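Open your viewer and get ready to select residues one at a time. Each stop says what to pick and what is there.

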Amino acid sequence: KTLQAGRSVISLTRAAGSKTVLAAMPVPLEWEHEVVRFKVRGDGRWYNFYVSFGESPWLPVAEKVDASNLSTESAGGFVGVMLGPYAGPVG
């Protein structure tokens, strides 16, 4: 969750060398101050990312994201996928 042009946005970013924003979803105003929950589902090389605000239903942020760059072959011997939220300064 970050700020873009003064609005809260859920941003999915791939950090493989350079950073690439894969998806961005504005937070609905009625859920602006709710707890944010994240969920990731993997299916082979494909990952689906979801968000929920408070007790709202799960909403897709991005689906069928190709994660083949995390494979052992692509990553030069890397043996485990790591996904997670990142917190940093706004701006």
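Select Ser8 and Glu32 and show their side chains. In this predicted model, the two side chains make a polar contact at 2.4 Å.

Stay on Ser8. This residue sits in strand S2, residues 7-16. Is Ser8 buried or exposed? Ser8 counts as buried because its relative accessibility is 6%, and buried means under 20%.

Now show what surrounds Ser8. Leaving aside residues up to four places away in sequence, Ser8 touches Lys1, Thr2, Leu3, Pro26, Val27 and Glu32. Colour these neighbours to pick them out.

Next, select residues 46-53. This is strand S5, and it is mostly covered. How many of its eight residues are buried? Seven are.

Click Arg37, then look across to Ser52 in S5, which stands opposite.

Follow S4 into the hairpin that joins it to S5. Two residues lie between the strands. Pick Gly44 there: its phi is positive, near 65°.

Select Tyr47 and find its bridge partner in S6, Val65.

Last stop: the hairpin of S5 and S6. Five residues lie between these strands. Which residue takes a positive phi near 60° here? Select Gly54 to see it.

Conventions:
Residues are numbered from 1 along each chain as its sequence is written. This is a predicted model: local features need pLDDT of at least 70, side-chain atom pairs count only at pLDDT 80 or more; totals for chains, interfaces and linings use all residues. Side-chain values use heavy atoms; hydrogens and water are left out. Buried means under 20% relative accessible area, exposed over 50%, partly exposed in between (1.4 Å probe, protein chains only). Helices (H or I, at least four residues) and strands (E, at least two) are DSSP runs, numbered from the N terminus. Two strands pair if DSSP finds at least two bridges between them. A polar contact is a pair of N or O atoms within 3.5 Å; within protein, one must be able to donate a hydrogen and the other to accept it, and residues adjacent in sequence count only if both atoms are side-chain atoms. Contact means heavy atoms within 4.5 Å.
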